[in-house]
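The terms used for a structure rest on cut-offs.

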Amino acid sequence: MLSFCAALAISCSEDSDDGGGDGGTTPMKTVVQSFDIMLNNANSIPMVTDRNETGNIEMSLYNDNTLEFTINISDLASSDALTVAHVHTGDVVSTGDVAIVLVDGENITFSGSTATGTIELNASQISTLQGSNVYVNVHSTQSSSGLVRGQIDQTIANAYNVALSPDNEVPMVTGRNETGMVYIRLVGSTMYYKAIVNDLDETDAIMAGHIHEGNSTSNGGVLINLELTGNDQLDITKEKTLSADELTKINNDALYVNIHSNQVASGLLRGQIR
C-alpha cells in the first residue's frame, strides 16, 4: 500500500508540472500581447454624423496563434444593428484593406451590442496586428463603411472631422460646386491630417490651406499652415508637430479650416472645427 501511494504521488506531481496533463507534450497557453482599444464614431472615415456610439474591443493574442476578443458597443441606435467587425490596415486619417476578419456575421455574430470570439491567425496577420497603421472597424446596417473605429497602434487624443463648403465662406462663395473634408487626428503633440476636395473646377487649382482663428461668422488670422500648396497635396496623409499653445487652441478655441484656390484666393472652401 505504501509503495502504491508513493507511485501515485509521483504520478500526480509529474502531471501538475507540465500543465497539460498528458505527460508533458502539451505546452501551456500563454498571452503574448493584450489590447484594449477604445472605439467611437469620431474616428470613423467617412465621418459618421449625428450618432453617439462608443465602445471598446479587448483582444488577447496567445502563443498558439489564437486571438480571443470581446467587442462592446454603447448607445447603439435602436434603428440600427451591428453586422461585422474587422482589423484593417491604415493610418489614423486613412482607410485600408481588411487584414483580419473578427466578426463575420456567420460563424461569429453580434448579439445586440456585443460579440465574443476566438480565431486563429497566420504569421502575416500576427505581424499586421502587432505592427503600425492598423485599426479596428465595426460596421452596421446603417453605416456599412464603419460605425465606430479605433486605432490599435496609436492612442488618438482627439478627432475632428471638418466638412468644407463654399457656403461657409465669409462672405459666401457662389457659383461653385466643390465640397470637401479635412480629417484631423491628434496623437500626443502630433497632428495628423488629410484634406479632400471633391469636384474641383478643372480650370482652378488649390494653392493653400490653413487653420484660422475665428467663429463661423468672422474671418481670423492663420494659426497653422496646412501646407496644401497644390492639388498633389490633397488626399494624402500629412503631419505636423504642434507647440503647446497650438495644441491648446486646437482643442479649445473657435477655429476653422480654409482651403484657398487660384481663382478664389480669399478662400474657396471652409469648415468650422468648433
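Predicted model: local features only at pLDDT ≥ 70, side-chain atom pairs only at ≥ 80, totals over all residues.

Residues are numbered from 1 along each chain as its sequence is written, and side-chain values use heavy atoms, with hydrogens and water left out.

Q: Why is threonine 190 called buried?
A: Buried means under 20% relative accessible area, with exposed over 50% and partly exposed in between (1.4 Å probe, protein chains only). Threonine 190 has a relative accessible area of 15%, so it is buried.

Q: Which residues does threonine 190 touch, not counting those up to four places away in sequence?
A: With contact taken as heavy atoms within 4.5 Å, threonine 190 touches Arg185, Glu239, Lys240 and Thr241. Threonine 190 itself belongs to strand S11 (residues 190-198); strands (E, at least two residues) and helices (H or I, at least four) are DSSP runs, numbered from the N terminus.

Q: What makes S7 and S8 a pair?
A: Two strands pair if DSSP finds at least two bridges between them. Strand S7 (residues 134-140) is joined to S8 by four bridges, and the two run antiparallel. Valine 138 stands opposite valine 148 in S8.

Q: What covers the description of S8 as having both faces covered?
A: On one side Val148 and Gly150 are buried, and on the other Arg149 and Gln151 are buried. In a regular strand the side chains alternate between the two faces of the sheet.

Q: Which strands stand at the edges of the open sheet, and why?
A: The order of the four strands is S13-S12-S15-S16, with antiparallel pairing. Strand S13 (222-225) and strand S16 (269-272) each have a single partner strand, so one side of each is left without a neighbour in the sheet. Within this sheet, strand S12 (residues 206-213) pairs with S13 over three bridges, and histidine 210 stands opposite asparagine 225 in S13.

Q: How do the residues lining the largest pocket divide by type?
A: Three are nonpolar, six polar and one charged. Here Ala, Val, Leu, Ile, Met, Phe, Trp, Tyr, Cys and Pro count as nonpolar, Asp, Glu, Lys and Arg as charged, and the others, Gly among them, as polar. The lining includes Asp36, Ile37, Met38 and Gly150. Strand S1 gives the largest share, four residues.

Conventions. 1 Å grid on protein atoms, 1.4 Å probe; cavity = no way out; pocket = protein on both sides within 12 Å on 5 of 7 lines; lining within 4 Å.
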